[in-house]
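Subject: Structure handover

Hello,

Here is the structure you were waiting for. My notes on it follow below.

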Amino acid sequence: MSSVIVHDKTELKPEPSEIGITRPDRHAGLLDWLTTVDHKKIGVMYGAAACFFFIVGGIEALMIRTQLMRPGQHFVDAQTYNQLFTMHGTTMIFLGVMPLSVAFFNIVVPLQIGARDVAFPRLNAFSLWTFIGGALLLNLSWMFQVFNTLGFFSPVDGRTDIVPSGGWFGYAPLTESPYTGLGSVIWALSLQILGIASLAGAFNFVTTIINMRTKGMTMMRMPVFTWMTLVTSFLIIFAFPAITIALAQLLFDRTFQTNIFRVEHGGQPIFWQHLFWVFGHPEVYILVLPAMGIVSEVLPTFSRKPLYGYPIVVFSGAVIGLLGFAVWSHHMFTTGLGVVATAAFSLLTMAIAVPTGVKIFNWVGTLWGGRIKFTVPMVFSCAFVWMFMMGGFSGIMHAAAPADAQQQDSYFVIAHFHYVLLGGILLGLLSGIYFWIPKVFGRQMSEKLGYWIAGMIIAGFNIAFFPMHYLGLTGMPRRTHTYLADMGWNTWNFVATMGAYLLGAGIFLCFFDMVRTVMSKKRACGPDPWGGRTLEWSLSSPVPPYNFAKLPIVSCRDAWWMQKHGGIPIEYDLNEDTSHGVHMPSQSWMPMGASFGIFTFGMGMTLMTAGVPLCGYVAIAGLAITFLFIFLWALEGPGGYHIAVPEPEKPPTPAPSPSHQQIPAGHH
């Protein structure tokens, strides 16, 4: 198939694929985004979706806190409250934190390893659109709930809980048909679809990092963020099969009346907890390791010195991932595991704190003696270290089974989990947003407003969640929609709600400033506004479609920093023939089509379970659409086109070897 040399992508003439279908390479605007396989655009769409669902989950959280602001409040009823905390947890974890991390994986990792794209560009697009399908299916439950209230939709079982209401953990037998309605089916199907998206992305990033590193980029020269992406991807690959099996068994129980978790027919509900937490605790590290990687990039940059103990930071991240599979039963200390199992998991839970503590000491060592500049990303990263330590201290308390028995299902656990997930992980991700937005869009977010936002978020978070330690220790149970006035919880619930409002306002302002920055032409910045250390800062901002005009050859860690300050220039592979332009992968409709088929299958299964006639055929049609687009995908061929790139200038000094020459700082 012939290629066309162009100076601008919009000039490209469309080419037919190997099956005669015209590839959509000439599209601009919306169609360009719908068919793109560019890792940067896919990352931007992941980030936009994650921010939207952060807002959705935040609204659900504020509704929960409004209900608990005063005793005996009737802002929402008990069923709606159950739906709110279920959807809040599921949305924040699977639709907020995970896709925002994946947004950074997509945008940053290929640039850090000197690649022009990920290993499987179309699989990357498939991962995005499958995630969108799973997220839509989950949140369409609110629409079905409204239709049920208005009398337009009624499941065959007559239950009115259309929105998932069994908690983000979905404990059996609460998710079985006698106890919850259609919402549990929607929840299980949505998580299955989201799992497909996560696994597709994980395999892609493992392949990309292992096989597509530029010349000289050995494993121990990779940036820490790329290392944490690799470890996280392996965690997804090994953890998600457990939840996939559990969800399939739940759907079999509900759809085909099997008895895997039905205790009245000999089922074992405890089996669900084992399967879920074998996935669920590694999931915590799937969420936290990317944030740790971001912090490990930000702290050295603004301390103006290398990361202290780089090999130990990398090794400790891998150990955290490994031990994450060995501590799942500390979530089950009150289920009667027995003395031996409880003692073993208690010791392992204490042990996993060691590599985490090692990272913290390495971060402190990085700060020590550095020429620190407290930019907004630096403020968020330092706050991450502080907040994550707070969550870690209360986590160590739960490693002691007697203490855990007292704190189980109390607001103390809510405080612990949010100090890890929100106070730790979200602050790390916000640091990454402020750090890499200039690279993605060529514009910086407001520094002055950023300090106010950081103050509001950090203060609001602590005001909201620190009192929950006290509430839990004085006996306030979690997942209870109201409480009596004489329980002694009134004051701190009111304080926590005010803190949640402040936190929500800070996050909303952050997203508002981010959108304003992206849409505005003000606050333009150069390619390296922070004095960065890694390869992405050697490129223009925003990064061109081809990333690197010539592939870099690195000879040390932090190659860009060493070129600027260490006298070790980045070399570029001039043996690569780019006289006809850089080859780029063609765009495709196939990933989106296959994802649409999966979404259609999920919708058909949902409506079939609700008793809507003929919807079983809709599910079958969804499978047929999926297989059709995968078949066309296989026949489509890789396609591709060439895009002209600027030739790098020759340096004034002779080239050190015939195969490559030095490029002055600032050239790409």
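How many aromatic pairs does a search of the whole structure find? The count is 38. Please keep in mind that this is a predicted model.

Aromatic pairs

One of these pairs is formed by Phe 147 and Phe 152, with an edge-to-face geometry, 6.5 Å centre to centre and 65° between the planes. Phe 147 is partly exposed, at 33% relative accessibility, while Phe 152 is exposed, at 66%. Phe 261 and Trp 272 also pair edge-to-face, at 5.7 Å centre to centre with 85° between the planes. Phe 261 sits in the loop between α6 (224–256) and α7 (269–303), and Trp 272 in helix α7, eleven residues away. Both Phe 261 and Trp 272 are buried. These two belong to a cluster linked by ring pairs, whose members include Phe 94, Trp 168, Phe 240 and Phe 417.

Nonpolar core and surface

The largest nonpolar core has 183 residues, and those with the most contacts inside it are Phe 94, Trp 272, Trp 363, Phe 380 and Phe 384. Helix α3 (residues 78–112) supplies the largest share of this core, 19 residues. Beyond its neighbours within four places in sequence, Phe 384 touches residues including Ala 291, Met 292, Trp 363 and Leu 427. There is also a second, separate core of seven residues, among them Ala 549, Val 582, Tyr 641 and Ile 643.

Met 143 belongs to helix α4 (residues 121–150) and is partly exposed, with a relative accessible area of 34%.

Salt bridges

The search of the whole structure gives eleven salt bridges. In one of them Asp 32 meets Lys 41 at 2.4 Å, N to O; Asp 32 is buried at 6% relative accessible area, and Lys 41 is partly exposed at 22%.

Glu 176 and Arg 262 form another, at 3.8 Å, N to O. This pair links distant parts of the chain, 86 residues apart: Glu 176 is in the loop between α4 and α5 (182–211), Arg 262 in the loop between α6 and α7. Glu 176 is buried at 1% relative accessibility, and Arg 262 is buried at 8%.

Arg 523 and Asp 513 meet at 3.5 Å, N to O. Asp 513 lies in helix α15 and Arg 523 in the loop between α15 (490–519) and β2 (552–553), so the bridge ties together parts ten residues apart in sequence. Asp 513 has a relative accessible area of 0% and is buried, whereas Arg 523 is partly exposed at 34%. Together with Arg 516, Asp 513 and Arg 523 are linked in a network of salt bridges.

Regards

How values were computed
Residues are numbered from 1 along each chain as its sequence is written. This is a predicted model: local features need pLDDT of at least 70, side-chain atom pairs count only at pLDDT 80 or more; totals for chains, interfaces and linings use all residues. Side-chain values use heavy atoms; hydrogens and water are left out. Helices (H or I, at least four residues) and strands (E, at least two) are DSSP runs, numbered from the N terminus. Buried means under 20% relative accessible area, exposed over 50%, partly exposed in between (1.4 Å probe, protein chains only). A nonpolar core is a set of buried Ala, Val, Leu, Ile, Met, Phe, Trp, Tyr and Cys residues joined through side-chain atoms within 4.5 Å. Contact means heavy atoms within 4.5 Å. Rings of Phe, Tyr and Trp (its six-membered ring) pair if their centres lie within 6.5 Å; planes under 30 degrees apart count as stacked, over 60 as edge-to-face and the rest as tilted. A salt bridge is a side-chain nitrogen of Lys or Arg within 4 Å of a carboxyl oxygen of Asp or Glu.
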